[in-house]
Amino acid sequence: MRQFALLLLLLLLAPDARATWSFLGDANLFLGQYYFDRSAGSLNGFTDLNFQQSKSFSPSSGFFISERSIYSGFKQVNELAGGGTLFQQSLDNSIGVKYIHRFEGGYSLKPRIGVRNQLFRETVDEDWTKGLYDFWRYETGITWERKTRLGLSIPWTYQLSYDAYYTNYTHFKSLAAQAAQLGAALGVAPNPGKKTLDTVTNQITYRSDFDLPGFTTLYGMYSLAWVTFVDQNIVNRQGQYLDSKRADTFQTLAMGVSKRLSDFNGIWRWDLGGIRPVPSLGVSVSNLDSNQNNFDTDPTRLKYIGGFFNYWETHFTPGIDLTSLKTQFNLRMVYDLGYRTFSGRLSQEASGAYRSDKLYQLTHSVFIEATYPIWGGLAFKLRGLWADSNANTDFERTYRYNFVSYNYFAGVAWRI
Amino acid sequence: MENIIRAVVLSVVLVSSARAIPAPVQIQLVPQGQVEIRGAGGEWTRVSGRINLEPGQEVRTKDASAALITFSDGSKLALSPNAQFAVEKSDRQETTLKLGLGKLRAFFAGYMSSRLSVRTPTAVAAVRGTEFELSADSQGQSEVNVREGHLEVSDNQGRQAVVTSEETLRVTERGMERPQLVSLTDERAQQAARPLVVMAETGKDQTRTMVEELRNRELKANEAQLGKNIIDAFGRRVRLEEYLLRPAPNQFKLLFLSFRENRFDWGHLIETFKNPIPNDLSQLSSIFAGSFFSKTAPSNWITYMEFFATNTVDSIKETITFGDPTAIDFSGFGPSVGTRYYPATMDYKQIFSGPGVPGGTRTQFRLQHSWNNPNPGRITWQQDVVNNLGVLTPIFQAAMNPANAAEVAADGIETINLYGNPTIDFNTVTSFPSGKGKADFMSKTTYADNSWVSTRKILVSNEGNIFDFANPNADAFTKVGNYNVEIVVGSSMFQGRDIDVIIAPEILSQKKTGTTQPDAFSP
């Protein structure tokens with residue numbers, strides 16, 4: 001927290017700080033409930049605060065600070081699989097500064113720095129700031145951008161970015177490292193590494209954005225990340241830990257398109273007062289490739305699986321956004337179909353026995369959000385999410401690959 | 001799922017079959033100086049105050065005069081001196097304006113903005129939420145300057161271009177030129193860190209960092225996938241790690257560590273074999289199985305097993321020593337069983353250690369099986385427990401000829417039986433601490449010297465839920481394999497502490513196999 005305070009203080013005390021600041025932001029406050037299979041979680045809250053302050057020195061240069069703070073009394077859907085109805089609260093704070101320098105001809109250079117802190121309370125015996133998975137992430141990056149055109153008609157902005165992240169899990173150490181302090185009592189001690197989740201990531205990203213005629217926008221992005229685990233040793237076929245460290249590459253290719261269709265005013269005899277439809281479609285493919293393996297230590301299995309973490313994943317995400325021109329009521333619906341196939345990980349029987357099939361997981365989710373403006377930038381919001389996951393494995397002692405979950409939120413959103 | 005897909009498809013179909021209902025958009029004129037209007041083909045009339053503009057009406061401004069045109073969604077448009085302007089069409093579907101001559105500056109942000117287009121003699125500009133300037137001169141040349149946002153401009157040659165922030169475009173009677181970015185020194189250049197740029201940059205940064213975020217989030221899921229992070233039956237987080245070690249070529253050691261806030265429990269399972277074991281340890285289960293009741297002489301077999309658990313102060317150790325497999329006639333179990341290879345001896349001990357244990361360490365319980373010794377041609381098994389003086393003493397002994405069906409049916413011939421003797425007999429009480437129907441079983445044994453040992457075994461899910469035998473929706477026993485076993489060992493010798501470990505059920509099953517008495521074996 002001290003890093004946040006110091007950074008904010010330095011920026012606010014900068015000369016002429018109050019002269020030409022612009023402010024942007026939004027705040028979301030929700031109450032809701034979450035269900036995992038047949039179990040309901042308690043009624044809980046979710047808040048999301050976003051603020052940006054910008055200052056320009058000239059058309060050539062300027063900077064902005066952005067802060068984000070999220071409190072969640074819910075487990076997010078992407079984390080559901082790990083723990084069912086596990087009680088969870090999280091607090092996510094981040095702050096970043098980005099400097100923009102523009103050159104003639106549409107070129108820009110945009111360096112940035114930022115820091116992020118995430119805190120978790122996941123069990124009844126875990127206090128704030130003592131969470132096992134609390135982490136700090138320090139990040140820096142630079143983006144080179146060119147604004148140009150594709151032919152006569154289409155504006156084209158492309159960016160090449162380099163980002164570096166250092167993630168430090170404050171409290172997480174391998175138990176083996178802690179147990180090593182027991183010395184002779186433990187006997188021969190394994191050495192998987194100590195801070196096994198800490199990573200340094202170097203990421204390069206290429207992104208293109210196009211504005212096509214006919215109120216159509218299109219983007220494409222490719223990102224390649226090299227992830228070094230600073231202290232996670234490789235396990236070999238005999239279950240022994242080597243001195244070499246884990247290293248992953250993670251790449252993602254994503255594309256998205258949206259188009260504003262013609263407004264319509266009614267459906268058959270039902271006058272809706274003018275509706276603007278904007279359908280969209282997103283497609284992505286990602287791949288994780290790791291040199292880490294896994295050795296299943298259950299005595300009846302004792303199975304070595306090379307490339308245990310490697311997978312390919314694709315997503316197909318159509319959506320539609322409908323806005324009432326009369327009332328500004330907005331309805332957004334997004335369906336996501338995801339398919340992940342593991343390259344090395346095997347499917348298992350309920351008993352844990354391994355099958356010869358590689359593990360795959362198919363997920364569907366539907367997200368619906370309705371927004372009704374109340375006054376000024378204030379709006380009432382309803383959100384719901386339904387997700388279903390199916391996998392070809394039946395062994396779920398420690399992780400749920402097969403589940404249905406849904407949640408709903410109701411609350412207000414305020415935009416500056 | 002099919003229903004949801006159908007619903008999405010249906011909504012798209014409904015959109016396409018929608019019908020348009022015309023409705024007026026309110027447009028008002030606010031004159032500044034000498035401003036005139038006229039209807040279609042009518043006379044120019046000077047306007048002095050705010051009036052509504054209707055489709056078909058034209059506006060013109062004179063020297064040193066201007067006009068502000070406002071729209072019902074808050075959008076605004078300013079006309080320069082000597083400009084000619086008209087509202088050509090305005091309904092719910094579309095609003096079309098015309099700039100015949102002069103210059104206008106527009107700021108469109110509301111919902112109607114993107115249903116609006118402005119025509120000049122040579123260009124049509126469709127608005128997409130934009131601040132822009134548009135001019136038309138008497139030679140038919142138009143110029144568009146977009147300060148912020150997007151415009152879709154069409155020329156009279158059928159060409160179309162999207163013009164974005166800080167771009168300028170000239171359109172003549174010969175058509176449009178290529179849009180140009182304004183120079184950073186141009187007065188039309190915008191500030192570098194203006195709100196729209198900040199919003200766009202923030203969004204793109206979040207997309208990029210989301211890739212790192214997703215990857216990082218995956219690490220946490222991996223911990224769960226590998227069974228390293230679960231909740232125990234008391235709602236506490238338990239971190240688990242298991243390691244396989246190879247202290248000797250014929251031995252492996254499974255080390256299990258469990259950590260909760262303020263306590264650390266750990267233990268190990270050691271298995272030693274007669275001969276070196278293969279690197280592919282998945283073959284071990286067949287070697288283990290071959291040690292008991294094999295029809296043929298095994299080439300390798302288990303000789304020693306040790307289960308150890310501790311809270312770092314107190315500990316419980318169970319050891320089993322196996323003799324070499326010997327051919328024994330088990331036909332008393334049935335004519336088809338015949339001769340099988342079975343360990344010549346088995347010696348199981350339950351040993352407690354800790355500051356509260358008399359002498360620091362003592363064996364509380366022992367079970368031995370032995371072929372041919374001391375009874376030739378028989379398996380003798382003997383149970384020892386601590387007596388009232390705390391000394392390990394035989395309480396039961398029996399012998400059985402496994403080839404003799406009558407002896408098998410009688411569970412052997414008893415040679416020692418001191419059950420009921422108060423100087424040595426022990427008392428075991430069982431209970432269900434979480435209530436009947438819950439897989440939470442506790443067994444407490446009190447020995448003749450008043451020492452006691454309790455073992456609580458709980459089937460608990462990774463979310464900390466105790467398996468519910470009574471709940472028909474829990475898929476009953478088919479999912480038992482998806483539960484962890486939490487074992488809480490307490491003892492009068494542990495001075496109020498306990499040992500609380502969560503282990504894979506497979507460890508229990510192997511231990512049980514090693515300690516089951518021969519009469520319970522099913523060939």
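**Two chains under a guide's eye**

Guide: Welcome! In this structure, 98 residues of chain B are in contact with 112 residues of chain A. It is a predicted model, where local features need pLDDT of at least 70, side-chain atom pairs count only at pLDDT 80 or more, and totals for chains, interfaces and linings use all residues. Residues are numbered from 1 along each chain as written, with chains lettered from A and ligands numbered from 1 in the order in which they are written.

Visitor: What makes two residues count as "in contact"?

Guide: Their C-beta atoms, placed from the backbone, must lie within 7 Å. On the side of chain B that touches chain A, helix 2 (residues 195–225) gives the most, with 21 residues.

Visitor: Why is that stretch called a helix?

Guide: Because helices are DSSP runs of H or I with at least four residues, while strands are runs of E with at least two, both numbered from the N terminus. Chain B has five helices and 36 strands.

Visitor: What makes a set of residues a nonpolar core?

Guide: The members are buried Ala, Val, Leu, Ile, Met, Phe, Trp, Tyr and Cys residues, joined through C-beta atoms within 7 Å. Buried means that 20 or more other C-beta atoms lie within 10 Å of a residue's own (12 or fewer is exposed, in between is partly exposed; C-beta atoms are placed from the backbone). The largest such core has 47 residues, and B:Leu244, B:Phe256 and B:Leu257 have the most contacts inside it.

Visitor: What is the mean pLDDT of chain B?

Guide: pLDDT is the predictor's confidence in each residue, from 0 to 100. Chain B has a mean of 84, and 87% of its residues reach 70 or more. Over residues 1–23 of chain B, however, the pLDDT is below 50.
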